[in-house]
Amino acid sequence: MTLKKKIYIGYGVVFALMGFVIAWAVSNLVSLGKATDAILSENYRSILAAENMVDAIERQDSGILLVFLGDMENGIVQFRENEAIFLEWMARAKDNITIPGESKLIQAIESDYAIYRRAFSLLTDMGGTAERTLQTGDYQKTIYPLFAKVREGCIGLRRLNEETMYAAGAEAGRVARRAIWSTVLVAATALILVLMFSMFLAERIVRPIRHFMEASRRISAGDYAVQVSVETRDELGELAGEFNRMARQLDHYHQMNIDEIISEKNKGEAILSSIEDGLVTFDTRLKVTAINPAARRMLDLGFAERAELCCRDILSDPNVCDLIQKTVAADIPPEVPDERRIITVTRDDNALHYLFSVTAIRGPEHHLSGVVLLLRDVTRLKEVERLKDEFVMAASHELRTPLTSLGMSVDLLLEHAADGLAEKDRELLQAAHEEVYRMKALVNDLLDLSRIEAGRIEMEFENVSISTLFDHVQAVFKSQAEIKAISLTSAVTGDPPRVRADANKITWVLTNLVSNALRYVGKGGHIELMACRIGPHIHLSVRDNGPGIPPEYQSRIFQKFVQIKGREGTGSGLGLAICKEIVRAHGGAIWVESSPGENCTFTFTLPAAQ
């Protein structure tokens, strides 16, 4: 028999027993209640009849008194009316005889009442002699004793039924209390049996589970040879058999794979030792748990073992340790711009540059168990970038003079000799003029970008009103917007904010963004300048309803010389790169949000004026 069936049968018997006991008790109580109601109802009818009989006999006696007082006619009417009432209630009392002695008492009342009626009839039948008798007769000696005897009999009938009713009620209460206590006793006995059975069944179920728990703890400790005894043939017995088979398989698997695991561990350590990038792992307390040889060389730690190395013991840049601490606290690495992911270490008067990244290590159930710091040597790349910037700056300087001379020469030719040239020659000269000025703009952009990246551009910070910047930009592009039938508007959320910035440089950023928007927004389009304050920064945005920027370009659009393929334009691809460097020089950030084919919004932040 299965464990499930055992449980069902055991609890089924107990519930059936309890149901029978409860049904029996309820049935007895209902029967007792009905009997009590019947007894009380019958006694109540007899009491009511006795009360009305007493009332009727008293009114009849009042009628007799009226006769004695000389009001013969009214006295007889009152007597006869109440006589009918008395006889009616006495008939009801005779029909409701339910207790011993009640019948005999009613017969006595009926007999006495007949004598009382005869006395009244004799009194009223005397005529003139009666009138004389009434004057001399004694009411107390002739009529009142009969009246008192009938009335006392009615009162006795009432008292008998009242005492019987009270006794029946008391007996019903005692019976009800006995029924209640017997029901409680039986229910308590049933509950005790249920409790004992439950404890017995729970022990039968829990005992093998304890064996499972103990065996599981031993397996967790590495003892895979543990076995659980099979005591029953139900589901628990089957579970014990499956558990034993699982333990044997784990033992077999452990014996087979321990060598392979050790081999894989050695292979992983060999790989980490051979890679050129530095790897350092930290636990959640920022203690170093592992470090490969490349990282030891980069951080000049040597190969001697040192106990309890902390993050700040091996890294001179505190920002990296703060970043690792934030990763542990937030359970995810924070986003860091590429330009802030460089560690510079000075060694033997040489600057070494390392690009770092932080990765969280997930343990069981995806909980953070540690952090990995990856260090990549980018010293040569930094040097190449420095040489490239110097070359670009030097080449740009060298190109400005000949381009200026060449531009002046072409301008003079267009001014003085263009009329004597053929149409085709004039077109070539005009193309040369345009290309010379495009080259001059490209050289100027390269010089500006080089100065900004090298930190040699001077910033004149002041408190500037956003409304003033927007008004200036709108004035600059007013005519161009009207020619293309484009709406150029501005909106400032809240009070007009002020920023701490170089007005000329920020105006250049805004005009560059608006110029790009005018280039791609079609006729009848809309460009909006917006500003709002969020925390300590002001967010400035340029939104248009142009064709938007494809998702694959949104992360690259601020790089040098990046242009969207298939878009017409004569730009150099440096405008957004210069915008990014100017915003960074102000301590802000710039980004783009775009839905292809619908709209585009460029947003950058500036510190709010204090």
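This is a predicted model: local features need pLDDT of at least 70, side-chain atom pairs count only at pLDDT 80 or more; totals for chains, interfaces and linings use all residues.
Local features need pLDDT of at least 70 and side-chain atom pairs count only at pLDDT 80 or more, while totals for chains, interfaces and linings use all residues. Residues are numbered from 1 along each chain as its sequence is written, and side-chain values use heavy atoms, with hydrogens and water left out.

A search of the whole structure finds 1 disulfide, meaning a pair of cysteine sulfur atoms within 2.5 Å. Cys-311 and Cys-321 form this bond, with their sulfur atoms 2.2 Å apart. The torsion about the S-S bond is about -100 degrees, so the disulfide is left-handed. Cys-311 lies in helix H9 (residues 311-314) and Cys-321 in helix H10 (residues 318-330), so the bond ties together parts 10 residues apart in sequence. Helices are DSSP runs of H or I with at least four residues, numbered from the N terminus.

Cys-311 is buried at 2% relative accessibility, and Cys-321 is buried at 0%; buried means under 20% relative accessible area, exposed over 50% and partly exposed in between, with a 1.4 Å probe and protein chains only. Cys-310 is partly exposed at 22%. The sulfur of Cys-310 is 8.5 Å from the closest cysteine sulfur, in Cys-311, too far for a bond.

Helix H15 (residues 503-520) packs with helix H17 (residues 575-585) at an angle of about 150 degrees, their axes 10 Å apart. Axes are lines fitted to C-alpha atoms over the stretch in contact, and angles run from 0 to 180 degrees between N-to-C directions. H15 and H17 are therefore roughly antiparallel, a term for angles over 145 degrees.

Terms used
Helices (H or I, at least four residues) and strands (E, at least two) are DSSP runs, numbered from the N terminus. Angles under 35 degrees count as roughly parallel, over 145 as roughly antiparallel, 65 to 115 as roughly perpendicular and the rest as oblique.
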